[in-house]
Amino acid sequence: MVGSKADAKQLAAATSVSKNKPPKIKPDLKRAALAPSATLFLFGAAGDLVKRLLMPALCNLRRDGLIDDSLRIVGVDHNPRSDGEYADSLRDFIRDEIKNQKLDPKLWGKLAKRISYLQGDFLADATYQGIAARIKEASSGNAVFYLATAPRFFGDVVECLGKAALLQETRSAFRRVIIEKPFGSDLASAQQLNTRILNVMNEKQVYRMDHFLGKETVQNILVSRFANGIFEAIWNHHYIDHIQITAAETVGVEQRGSFYENTGALRDMVPNHLMQLLAMVAMEPPSAFAADAVRDEKAKLLGAIRPTMPDEAIANSARGQYTAAKIDGRQVLAYRSEDKVERSSETETFVALKLMIDNWRWVGMPFYLRTGKRLSARDTEIAICFKPAPYAQFRGTKIRQLKPNYLIMQIQPNEGLWLDFHAKRPGPTVEIADVDMGFSYADAFELQPSTGYETLIYDCLIGDQTLFQRADAIESGWRAVQPFLDAWAKGEGAVEGYAAGSAGPKGADELLAREKRSWHSLG
Ligand code: BG6
């Protein structure tokens, strides 16, 4: 309610501003061509990934007119069920479990008509004969095999596809394989998996998935950097003091205790997601926005990460594990009390690393990476911390120190780009206030619900590998983290406890404090 005249004025001003706000920009789908006709085989058809992310993504692609009836979807898994039962189970799951996905019955009806099921063991020849028969009866020989299975099947399934001659392409028929993460569990296993895969198909057929690359904000890193003239001149170690890459989560390990026990925060997030963010923010401009050009630059950047020496690994890292605490009045379990977790587990649920990149742009400038579960806020961001301005002109004022400016590339939530800077605080003396300038996705664009997998599935169908990881880059990511895994395997460096709902272990703060720096606050 408006109380005073001043309130009324303020309200009028606010209304006129909002009236003058430019309309939100809509996504432009008209320029995207319909995906070619193909059969999409979903291995691991009954799994969570298919139900929770891939099927909703396929619904959204259908909604946006990017796929039509010519895309057939075949779920492959070992349990017996009919085509109808399979499609209905997907529909029920999306309707009941996925809150932000409105299931349009008409649209679902169209998609469901194209969904069928193939029962089969992933290692049995009969399964692949069944697949061959499904391709034969389709109007086109194009096929995508999506391995949404447990990672232990990746190599075997690919070899079975190869043995059954299902990976042989012709001029009129492509054969592509999408491989989910985790791609290996260390450098040696990633190399081994690449060898097995590349024995039966060529790199152009392999689509190694990293779902972070499906996020608009991650793709926007390259556009922000390379479509704007203002950034390039200052995008180097002369003007930037350091860069922080953070992926903080408030959730714990949820139902994934047994997976996480053997994985830990480093393997789960760093060689894949955080390395992709690092590559996007630090790579050189590609000669074109084309798959090879972008992937060449990423591989070059990841290949330039300075190898961490065995005696540096502990000093350049911190790891932690969440302990029990009350968050907003609710008691939260310690990691060690979670389901399917060893009571004496030493698995890290938080990791922070310092890496250096040995190239002309970044020489001598640290990159700090951190990720963890059960932290105080959900916050995935890249914080670019600029060198401070010289202080001289502020001598003799009340200002004691100049804080650095940060450019924050906010990946999620509150997606956008924010510049923290200083302004004069109104008044007769020289005083500084911290202010910011920002661009928010939600304010600028009309956003449709999406899972992030839409672009990735569509890109695979149209044969665009830009957003998929190449063998060399994935191995460079593992090579960069291997020294830390090796040191920890020898029992070096302790896993520190941190209270659930906090900002992580003390060691992470010390990692930066030693170099007179601190983390950008979470949230
Ligand atoms: C997955 C990890 O790859 O990424 C999960 O296995 C993590 O542990 C998830 O929670 C984070 O992804 P997002 O898109 O929710 O930030």
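Which residue takes a positive phi just after H14? Gly-463 does, with a phi of about 80°. The structure is a predicted model, in which local features need pLDDT of at least 70, side-chain atom pairs count only at pLDDT 80 or more, and totals for chains, interfaces and linings use all residues. Residues are numbered from 1 along each chain as its sequence is written, and side-chain values use heavy atoms, with hydrogens and water left out. Helices (H or I, at least four residues) and strands (E, at least two) are DSSP runs, numbered from the N terminus.

Helix H14 spans residues 453-462 and is mostly covered. Of its 10 residues, 8 are buried. Buried means under 20% relative accessible area, exposed over 50%, and partly exposed in between (1.4 Å probe, protein chains only). The buried residues of H14 are Tyr-453, Glu-454, Leu-456, Ile-457, Tyr-458, Asp-459, Cys-460 and Leu-461. They pack against S1, H2, S2, strand S4 (143-147), strand S5 (175-179) and S6. Contact here means heavy atoms within 4.5 Å.

The chain is assigned two domains: domain 1 (38-180) and domain 2 (213-391 + 472-512). These bounds come from an automatic or database domain assignment. The C-alpha centres of domain 1 and domain 2 lie 33 Å apart.

An open sheet of 6 strands runs in the order S3-S2-S1-S4-S5-S6, with parallel pairing. Two strands pair if DSSP finds at least two bridges between them. Strand S3 (115-119) and strand S6 (206-208) form the edges, each pairing on one side only. From one strand to the next, the twist averages 20°. Within this sheet, strand S1 (residues 38-43) and strand S2 (residues 71-77) pair in the parallel sense over 6 bridges. Phe-41 stands opposite Val-74 in S2. Helix H3 lies across S2 and S3, running at about 115° to S3.

Two packed helices are described by the angle between their axes and the distance between the axes. Axes are lines fitted to C-alpha atoms, for helices over the stretch in contact, and angles run from 0 to 180 degrees between N-to-C directions. Helix H2 (residues 48-63) and helix H3 (residues 83-97) pack at about 85°, with axes 10 Å apart. H2 is therefore roughly perpendicular to H3. Angles under 35 degrees count as roughly parallel, over 145 as roughly antiparallel, 65 to 115 as roughly perpendicular and the rest as oblique. H2 contributes Asp-48, Val-50, Lys-51, Arg-52, Met-55, Pro-56 and Cys-59 to the contact, and H3 contributes Tyr-86, Leu-90, Phe-93 and Ile-94. These residues divide into 8 nonpolar, no polar and 3 charged. Ala, Val, Leu, Ile, Met, Phe, Trp, Tyr, Cys and Pro count as nonpolar, Asp, Glu, Lys and Arg as charged, and the others, Gly among them, as polar.

Helix H6 (residues 154-163) and helix H7 (residues 187-200) cross at roughly 10°, and their axes come within 9 Å. H6 and H7 are therefore roughly parallel to each other. Phe-154, Gly-155, Asp-156, Val-158, Glu-159 and Gly-162 in H6 meet Leu-193, Arg-196, Ile-197 and Val-200 in H7. The contact of H6 with H7 holds 5 nonpolar, 2 polar and 3 charged residues.

Strand S11 (residues 350-356) has 7 of its 7 residues buried, so the strand is largely enclosed by the rest of the structure. Phe-350, Ala-352, Lys-354 and Met-356 point one way, and Val-351, Leu-353 and Leu-355 the other way. S11 pairs in the antiparallel sense with strand S8 (residues 317-323) over 4 bridges. It also pairs in the antiparallel sense with strand S12 (residues 366-372), over 7 bridges. Ser-317 stands opposite Leu-353 in S11, and Phe-350 opposite Gly-372 in S12.
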